[in-house]
Amino acid sequence: DRFALVQGRVDAFPPKPEAPVTLHVMEELGADPATTLYVGDSNVDVLTGHNAGLKSAGVTWGFRDEKELEENGADTLVHNAEELENLIL
């Protein structure tokens with residue numbers, strides 16, 4: 001009851017940072033690219049969001065550090081769940 005759709009790696013789509021699986025999920029959900037934010041904790045996530053034509057938010061409490069997220073073009077950085085919630089809302 002928390003997620004409308006969960007999609008992992010499948011052979012039908014190239015892996016991240018390529019965009020097809022992200023675009024597929026967005027299509028399945030009826031998501032509008034203009035109002036979709038790709039959130040992740042690595043350079044690959046930032047690049048995936050951008051490759052799909054989306055704004056990208058890097059979370060600094062995850063897999064990679066703030067510097068890597070910045071160097072790979074994260075549109076914004078968030079440092080905790082409250083900041084992320086405020087950004088989304």
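## Helix α3 and residue E68

E68 is classed as buried because its relative accessible area is 18%, where buried means under 20% relative accessible area, exposed over 50%, and partly exposed in between (1.4 Å probe, protein chains only). This residue belongs to helix α3, which spans residues 66–71. Helices (H or I, at least four residues) and strands (E, at least two) are DSSP runs, numbered from the N terminus. Apart from neighbours within four places in sequence, E68 is in contact with S42 and N43, contact being defined as heavy atoms within 4.5 Å.

The structure is a predicted model, in which local features need pLDDT of at least 70 and side-chain atom pairs count only at pLDDT 80 or more, while totals for chains, interfaces and linings use all residues. Residues are numbered from 1 along each chain as its sequence is written, and side-chain values use heavy atoms, with hydrogens and water left out.

In helix α1, the buried residues are V21, T22, V25 and M26. Viewed down the axis of α1, these residues fall within an arc of 140°, so they line one face of the helix; the arc is that of the directions from the helix axis to the C-beta atoms. They pack against β1 and α2. On the face of α1 turned away from the buried side are the exposed residues E27 and E28. Just after α1, G30 adopts a positive phi of about 70°.

M26 also belongs to the largest nonpolar core, whose five residues are A19, M26, Y38, A52 and L54. A nonpolar core is a set of buried Ala, Val, Leu, Ile, Met, Phe, Trp, Tyr and Cys residues joined through side-chain atoms within 4.5 Å. Not counting residues up to four places away in sequence, M26 touches A31, D32, P33, T36 and L54.

## Helix α2 and its buried side

The buried residues of α2 include D45, V46, T48 and G49. They lie on the same side of α2, because they cover an arc of only 160° around the axis. The elements that cover the buried residues of α2 include α1 (20–29), β1, β2 (55–59) and α3. Just after α2, G53 takes a positive phi of about 80°.

D45 lies in α2, which comprises residues 43–51, and is buried, with a relative accessible area of 8%. Leaving aside neighbours within four places in sequence, the contacts of D45 are K16, Y38, G40 and S56. D45 and V21 are 24 residues apart in sequence, and their C-alpha atoms are 13 Å apart in space. T48, also placed in helix α2, is buried with a relative accessible area of 0%. Beyond residues up to four places away in sequence, T48 touches K16, P17, E18, T22 and Y38.

## The segment before α1

P17 is found in the segment before α1, and a cis peptide bond with omega of about 15° joins K16 and P17. Most residues other than glycine have a negative phi, and most peptide bonds are trans.

E18 lies in the segment before α1 as well. E18 is partly exposed, with a relative accessible area of 41%. Excluding neighbours within four places in sequence, E18 is in contact with T48 and N51. E18 and A52 are 34 residues apart in sequence, with a C-alpha to C-alpha distance of 7.8 Å.

## Pockets

The largest pocket has a volume of about 400 Å³. On a 1 Å grid over the protein atoms alone, a pocket is an open set of points where a 1.4 Å probe fits, with protein on both sides within 12 Å along at least five of seven lines; lining residues have an atom within 4 Å of a point. Grid points are joined across faces, edges and corners, and a volume is the space filled by probe spheres set on the points. The largest pocket is lined by 16 residues, of which F3, L5, V6, Q7 and V25 lie nearest its centre. Its lining divides into eleven nonpolar, two polar and three charged residues, with Ala, Val, Leu, Ile, Met, Phe, Trp, Tyr, Cys and Pro counted as nonpolar, Asp, Glu, Lys and Arg as charged, and the others, Gly among them, as polar.

The second largest pocket holds about 190 Å³ of space. T35, T36, L37, V39, K55, L84, L87 and I88 line this second largest pocket. β1 (37–40) and α4 (81–88) are the elements that give two or more residues to this lining, and α4 gives the most, with three residues. By class, the lining of the second largest pocket comprises five nonpolar, two polar and one charged.
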